[in-house]
Amino acid sequence: FNLNMAASETKCTYRFLGCSGLKVSNLCLGTMTFGKHRDGRPGQCDEATAHAIMDRFAELGGNYIDTADVYQYGVAEEYVGNWLSKQEREKFVIGTKVSQPVDPTRQDPNQLGLSRHHIMASIDKSLRRLRTDYVDLYQIHCWDDAVPLEE
């Protein structure tokens, strides 16, 4: 993704997201590199750079942004939320994920997995960080053998 490329050089096309009727850009912007990584992983970007990347993505027609609560313990969602609060929310499809603990220092056996308890608590926190009332796609980040599929 070249931030210096002229907007006329490439544009996203749109496809349906499964059978949902929702149209998403053929490119999805992943946000795993947004925010400082706890282990000093190289390639991470600060908030200003993340905003520049999202600006350029939107300028080129991208509308589908993927994040997760666990990316830098919520920082990636905060960067997306701060940027999204300055945009027309309805123009973007936001997906986030659940299953991993966001705060590993907290001693809480229910802060991970796919129990209803964890999912409900996690979506509320994600919505606050994303500064929005809804997400368009809420995904399971990792399978949880402790929770039956019916749950």
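**Exercise 1.** Leaving aside its neighbours within four places in sequence, which residues is glutamine 111 in contact with? Then work out where glutamine 111 is found and whether it counts as buried or exposed.

*Solution.* 
- Start with the contacts (heavy atoms within 4.5 Å). Glutamine 111 touches Gln100, Pro101, Val102, Asp103, Pro104, Arg106 and His118, once its neighbours within four places in sequence are set aside.
- Some ground rules: this is a predicted model, where local features need pLDDT of at least 70, side-chain atom pairs need 80 or more, and totals for chains, interfaces and linings use all residues. Residues are numbered from 1 along each chain as its sequence is written, and side-chain values use heavy atoms, leaving out hydrogens and water.
- Now place the residue. Glutamine 111 sits in the loop between β5 (93–98) and α3 (116–130); helices (H or I, at least four residues) and strands (E, at least two) are DSSP runs numbered from the N terminus.
- Last, check burial: with a relative accessibility of 9%, glutamine 111 counts as buried (buried is under 20% relative accessible area, exposed over 50%, partly exposed in between; 1.4 Å probe, protein chains only).

**Exercise 2.** How many of the ten residues of α2 are buried, and what do the buried residues pack against?

*Solution.* 
- Count first. Seven of the ten residues in α2 are buried, so the helix is mostly covered.
- Now the names: Ala76, Glu77, Tyr79, Val80, Gly81, Trp83 and Leu84 are the buried residues of α2.
- Their partners are α1, β4 (64–66), β5 and α3.
- Zoom in on the α1 side. From α1 come Glu47, Ala50, His51, Met54, Asp55 and Ala58, and they meet Glu78, Tyr79, Val80, Asn82 and Trp83 of α2.

**Exercise 3.** Take leucine 84 in helix α2. Is leucine 84 buried or exposed, and which residues is it in contact with, leaving aside its neighbours within four places in sequence?

*Solution.* 
- Leucine 84 has 4% relative accessibility and therefore counts as buried.
- Setting aside neighbours within four places in sequence, leucine 84 contacts Arg89, Phe92, Ile94, Leu130 and Thr132.

**Exercise 4.** What is the phi of tyrosine 73, and what is the phi of serine 99? Then say where each one is found.

*Solution.* 
- Tyrosine 73 is not a glycine, yet its phi is positive at about 55 degrees.
- Tyrosine 73 belongs to the loop between β4 and α2. Its relative accessible area is 29%, so tyrosine 73 is partly exposed.
- Serine 99 isn't a glycine either, and its phi is also positive, near 150 degrees.
- Serine 99 lies in the loop between β5 and α3. With a relative accessible area of 3%, serine 99 is buried.
- For context, most residues other than glycine have a negative phi.
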